[in-house]
Amino acid sequence: MKAIFLIPTLTLVHGLAAADTASVHGWNNSAELGAISTSGNTVGTSVTGKLDARQELPDWSNEYVLAGYFKDEQVTQSDGEKVRERSAQRYSFSAKAAYKLLQDHDKLFALATHVNDKFGAYTRYSTVGVGYGTETYKTPDHSLDVEIDPGYFNGTRSTGETESGMTVRGAANLKWKLSDSALFTQNLSVERGTSNIHSLAETALRTKINSTMQMKAAFSVRNDTNVPEDKKNTDTQTSVTLVYSF
């Protein structure tokens, strides 16, 4: 018999309600923590967390994001001994500073990211870039923001090889208000380097439970076109998130 214990991810948002209202000057911070524990025929624990700090100033919009994901599983060795092994370990950090132009929703920005993934196709991947972002479409129920930026990357593959070179990144963020209590979002980022195309995508649906609680269902995809033979090109993750705002 297998028992599964699920701790839903809880997001605490300071300032605005979790979501997607217009920004005001000051800080808007969030913290997420989720965990799944299994016992019985399958024994393991996974933990995911995220810190997101956003700052709005008259001329600047800044964002700092720290995220991590860890997973331990119980495996049986050849001699029959059962041990706990780490099967996933990834953390990432990004910092973005955007200068607001005179035209509404137009920005020039600088972005720096770092990802450390012990079991990924790239065990370490860092980028810096500068670019331009704008809101290309806006209605009462829809909005679409896009970004483009050239940059530079430095990474280490799981084989130990190091790579570096120029990149070009494009990103889009779609929001669709389905009703007063439901919001659909689609985020996509594609970064082309010298020998690899790295893509990130998240599809999510948020539904309001009450004035302070939301439920979020999300599906995310990470893809690299050029990976070692023992690695898969695509990683996916499905989650159901409880969001609390105050």
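Some ground rules before we start. The model is predicted, so local features need pLDDT of at least 70 and side-chain atom pairs count only at pLDDT 80 or more, while totals for chains, interfaces and linings use all residues. Residues are numbered from 1 along each chain as its sequence is written, and side-chain values use heavy atoms, with hydrogens and water left out.

I will begin with charge pairs. Side chains of opposite charge can pair when their charged atoms come close. How many salt bridges does a search of the whole structure find? The search finds eleven, where a salt bridge is a side-chain nitrogen of Lys or Arg within 4 Å of a carboxyl oxygen of Asp or Glu.

Take Glu-147. Its side chain meets that of Lys-96 in a salt bridge, 2.2 Å from N to O. Glu-147 is in strand β8 (residues 142-157) and Lys-96 in strand β5 (residues 82-100), so this pair links distant parts of the chain, 51 residues apart. Strands here are DSSP runs of E, at least two residues, and helices are runs of H or I, at least four, numbered from the N terminus.

Glu-147 also forms a salt bridge with Arg-169, with the closest N and O atoms 3.1 Å apart. Because Glu-147 lies in strand β8 and Arg-169 in strand β9 (residues 162-179), the pair ties together parts that are 22 residues apart in sequence. Glu-147 and Arg-169 are buried, meaning under 20% relative accessible area; exposed is over 50%, and partly exposed is in between (1.4 Å probe, protein chains only). Salt bridges that share partners join Lys-96, Glu-147, Asp-149 and Arg-169 into one network.

Another salt bridge is formed by Glu-163 and Arg-157, at 2.5 Å between the closest N and O atoms. Both residues are buried.

The structure holds one cavity of 30 Å³ or more, and the largest cavity has about 50 Å³ of space. On a 1 Å grid over the protein atoms alone, a cavity is a set of points where a 1.4 Å probe fits but cannot get out, and lining residues have an atom within 4 Å of a point. Grid points are joined across faces, edges and corners, and the volume is the space filled by probe spheres set on the points.

Which elements each supply at least two residues of that lining? They are β7 (122-138) and β10.

Asn-196 sits in the loop between β10 and β11 (197-208). With 5% relative accessibility, Asn-196 counts as buried. A polar atom of its side chain lies 3.0 Å from the backbone nitrogen of Thr-225. Leaving aside neighbours within four places in sequence, Asn-196 is in contact with residues including Tyr-122, Asp-224 and Thr-225, contact being heavy atoms within 4.5 Å.

Back in strand β10 (residues 182-192) we find Asn-187. Is Asn-187 buried or partly exposed? Asn-187 counts as partly exposed because its relative accessibility is 27%. Its C-alpha atom is separated by 5.5 Å from that of Ala-201, 14 residues apart along the chain.

Last, Glu-63 has its place in strand β4 (residues 60-76). Not counting residues up to four places away in sequence, Glu-63 touches several residues, among them Arg-54, Ser-94 and Lys-96.

Methods:
On a 1 Å grid over the protein atoms alone, a cavity is a set of points where a 1.4 Å probe fits but cannot get out, and a pocket is an open set with protein on both sides within 12 Å along at least five of seven lines; lining residues have an atom within 4 Å of a point. A polar contact is a pair of N or O atoms within 3.5 Å; within protein, one must be able to donate a hydrogen and the other to accept it, and residues adjacent in sequence count only if both atoms are side-chain atoms.
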